[in-house]
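Here is a friendly briefing to read alongside the model. Keep the structure open as you go, and look up each residue when it comes up.

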Amino acid sequence: MKTKPTYGELEKELKELKAGDKSQILLDLAGVIFVTLDTNGIVTLVNKKACEIFGYEEKEMLGKNWFENFVPERIKNEILPVSKKILSGEIETAEYYENPILTKKGDEILIYWHNTPIKDKNGNITGHLSSGEDITERKKAEQALMESEEKFRIFYDDSPIAIWEEDFSKVKNRFDKLKTKGVTDLRSYFESNPDESVYLAGLVEIVSINKHSLKIFNVSSKNDIIKKLPGYFNEDSMKVFQEEMIALFNNQTSFDSEIPILDYESNILTLALNLKIVPGYEKNLKKVLVSFLNITKRKKIEQAFKESEEKYRIIADYNYDWEYWIDINGNFIYVSPSSKRKTGYKPEEFYKDKKLLEKIIYPDDKKLFLDHIHEIDEKGERKPIEFRIITRNKEIQWIGHVCQEVFGKDGELLGIRGSNRLITKRKNVEIALKESEERFREIFENAPDAIFLADPKSGVILDANSAASKLLLRSREEIIGMNQSELHPPQSKKYSKSTFREHNQESQKGMPTHLAEITVLRSDESEVEVEILAQTIQINNKPILQGIFREITARKQMEEKIQLQSEIMKNISEGIYLIGLNDGIIKYTNLKFEKMFGYNPGEMIGHDVSLVNAPTKKTPKETKDQIVDILVNEGEWHGEVENIKKDGTHFWCYANVSLFDHLKYGRVIISVHTDITERKNVEKVLKENTKRLKELNATKDKFFSIIGHDLKSPLGNVIGFSKLLHKNSKKYDQEKITHFANTINNSATITLELLENLLDWANIQTGKIQVFKEKFCVLEVINEVISKLEKAAALKEIKIKHKLSKEIEILADQNMFKTIMRNLLTNAIKFTKREGSISIKAKQRSNYTEISVKDTGIGISVKKQAKLFRIEENISTVGTEKETGTGLGLILCKEFIEKHGGEIWVESEVVKGSEFKFTIPLD
């Protein structure tokens, strides 16, 4: 297998082919980057790989200074010296190194480079060649791997839980020996062999331990733990160890328990032990992870709580507020019965899930609740907070929460006591008031229209919102104190004053103010068209005239554009309609389109686009999605579509479809339709004529083939043998004369048969033959045909059999039926070997008669079966005794049968014979 060439090999081949025409082809086919620079650092050559990775066209890179255009500024001082050393000949080949390169988009990618000088024939350095490979993704993967390894190493070493990796393989071997000796119950074995558990403990090998293990056991190293390992166990510890061994002996893959342990200073610790066999090591116990969680303080808290539980429970159980007590590990030690009334959750549910309180807190308030643990007031107590919870019934309730730390007699922190009071009603009132004030303030400040509040008598502006500031290009402070007439240019002041006065009068009478259009003067002296409405409102029992200004410049421009678009679409000679992109509803149709589809003006608007599309296998949604997908990706679509008119008539159009942002209807699909029905009809006629010409051409070729070969051959036999017989009749004996006479007779018979088929076929092609149907007995006609072919069958010792009922009658052209049967039987005789057989069957079905001719002949291959009954295919085959044919008989059969509304087919296997079947409808 050919290995991938090295950079050196590719560079060598590049130098050899540099002067030839193939050098650029080689560079473009290379899977690495190639760049050549001249002595001034100008790019003189790049390959396709370089262009692909850097995102440039070749012409964009050639002639550019490499260091000014493609090297990040921060590393130029590092790269330039290397290039200078190569160009000066100080170094022959630069070491491989990595540096980033700027792409066309401005991104940095990391390239692994190799540089070598380029020399002319005289050995002078004319530039240097750089070959490289994009290693950006590889570097990212390496960094991710390093971070992942570091993360898991930190997790192991700095875990707040003691984790030991232990090897129990020797223990497993001991178990296997015990089981071999017949031990099945390790517990009973421990009772009769008390030293066994100590022996098993000595077989456990500690592979590694993490830092927290040293902290729990109050030692400085792993060896300190191993040296005094037996000393950590007391009698109760060994009982837990025995249960652990029993679990492993019984093929359990994990074990959990609490175990009392003596630390390095003989203090009793209570540890939560968890043992788990690493997956894949269940058979040899080579890797087992054991974790220890120090729960000594929790146990002390539980004991302390037990001692004071009765007194506390009496108070808390009957308190209306929801009380709870959490230990230092966050476990609920006590939850008062009122939790059910406040939250819908029973105390037992909090005991089982220490995160339940956090889970039912409203998502937006979780951070507040978790942060309040660290908020201490000036007295050193936790600040009370208010937060929401979601009850079991999905109701949102407000909680007033206070909590404090609880300490034991020895000053040790035992946990946190919390008290929660339902304050939903009070909070709802507060929130409603706040929301009301904020809502009105936000409506005013964030209204899209400019709002001015003015004194109705003086016209002095008292307040304005942010939209007003944006409209005038003035700050709120600048606007307040201005007179309303100052908002308008000098030529509009008289009109503005009268409008202000009229709006004031109309509003005070309770009448709706008239809509006025006027010009506003901005601070930059530009003018903007607006429309104004006004109303009198009461603020602190004082009437204030509120004026609402809406800019209409864009609307005016839009109206002009809409009018222009409307005129264009109305007068264009093509049919146009607009469809909503999101809902598929027809938004607009021009007169040409409505006339094309037979609808009245405006009648199509508001209907789904499926109204005009002829039904297809796809749903209207699937068709729309497909076209929209093309439009999004390609920008436009054009092609032929089948449409349907109002009266149900189908017709063809050529459609040009594109996306369009309409000023009135928004994002729409615009489709321009041209009626191509006449063109399609012409195409259809041309297609049919082409097919007919092809058939006529094949007919002509077949006709000349028959006349030139198939008809000539038997006639040649008749003429040749009759000439010999006439010339030598006195010389030949009776046997030879008989042989010649038989040959002449057979050739004449073949010629007659061929002429009959040829005449029938010619009559069909010219349309002269007509079908004259009559009812007749199938048995009688078939017997007549068989009688004419018995001699030909007898010469090959072939038996023709049938079991036909006299009751089977068909309605058909009798002469055509005889021709069909004659050709099928002649074919069967031709391709059946001596002493073979031919069987004929006829079956009456519900609405047709099926007739078959089956032989024991040589059969037909699948490939040839596909060519049967086709005039353009020449598949004439020599019979079993060199009989010739034209292939015209089967084609004639097919055309006669189809004129009766039936069909013909063949079922055949090579060597096993063939069965030709055809049907004749009863009606």
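## Briefing

D661 and R667 bring their side chains together in a salt bridge, with 3.0 Å from N to O. This comes from a predicted model, and a search through the whole structure turns up 28 salt bridges. The protein has 923 residues, 39% of which count as buried. Its secondary structure amounts to 32 helices and 32 strands.

**Overall picture**

- Among contacts in the protein with a separation of 6 or more, 53% are between residues 24 or more positions apart.
- The protein exposes about 54,900 Å², and 52% of that area is supplied by carbon and sulfur atoms.

**Salt bridges**

- As background, side chains of opposite charge can pair when their charged atoms come close.
- How exposed are the two partners of the opening pair, D661 and R667? D661 has a relative accessible area of 52%, so it counts as exposed, while R667, with 39%, is partly exposed.
- K894 and E898 form another of the salt bridges, and their closest N and O atoms are 2.7 Å apart.
- The two residues sit about one helical turn from each other because they are four residues apart in helix α32.
- E898 is partly exposed, with a relative accessible area of 42%, and K894 is also partly exposed, with 26%.
- E909 and K912 meet through their side chains in a salt bridge of 3.6 Å, N to O.
- K912 is exposed at 62% relative accessible area, whereas E909 is partly exposed at 46%.

**Helix α32**

- This helix covers residues 888–899, which makes 12 residues.
- From its first C-alpha to its last, α32 reaches 17 Å, close to the 16 Å expected at 1.5 Å a residue.
- Which residues of α32 are buried? They are L888, G889, L890, I891, L892, C893, F896 and I897.
- K894 and E898, the salt-bridge pair of this helix, are each partly exposed.
- Just after α32 comes G901, whose phi is positive, at about 85°.

**Helix α30**

- Helix α30 takes in residues 814–830, 17 residues in total.
- Most of α30 is covered, with 14 of its 17 residues buried.
- At the start of the helix, D813 has a side-chain oxygen that comes within 3.1 Å of the backbone nitrogen of N815.

**A nonpolar surface patch**

- I328, F407 and L413 make up a nonpolar patch on the surface, and together they have about 250 Å² of accessible area.
- Where is F407 found? It belongs to strand β14, which runs over residues 396–407.
- F407 has a relative accessibility of 47%, so it counts as partly exposed.

**S339 in helix α15**

- S339 lies in helix α15, which spans residues 338–343.
- Is S339 buried or exposed? Its relative accessibility is 0%, so S339 counts as buried.
- Setting aside neighbours within four places in sequence, S339 is in contact with W322, G344, Y345, K346, P347 and F350.

**I572 in a loop**

- I572 sits in the loop that links α23 (553–571) and β21 (575–580).
- With 32% relative accessibility, I572 counts as partly exposed.
- Which residues does I572 touch, not counting those up to four places away in sequence? They are N590 and K592.
- I572 and K592 are 20 residues apart along the chain, and 8.0 Å separates their C-alpha atoms.

How values were computed:
Residues are numbered from 1 along each chain as its sequence is written. This is a predicted model: local features need pLDDT of at least 70, side-chain atom pairs count only at pLDDT 80 or more; totals for chains, interfaces and linings use all residues. Side-chain values use heavy atoms; hydrogens and water are left out. The expected span of a helix is 1.5 Å times one less than its number of residues. Buried means under 20% relative accessible area, exposed over 50%, partly exposed in between (1.4 Å probe, protein chains only). Contact means heavy atoms within 4.5 Å. Accessible areas come from the Shrake-Rupley method with a 1.4 Å probe; for residues, only the protein chains shown count as cover. Patches are made of residues with over 30% relative accessible area and no salt bridge: like charges are joined within 9 Å, nonpolar side chains (Val, Leu, Ile, Met, Phe, Trp, Tyr) within 5 Å. A salt bridge is a side-chain nitrogen of Lys or Arg within 4 Å of a carboxyl oxygen of Asp or Glu. A polar contact is a pair of N or O atoms within 3.5 Å; within protein, one must be able to donate a hydrogen and the other to accept it, and residues adjacent in sequence count only if both atoms are side-chain atoms.
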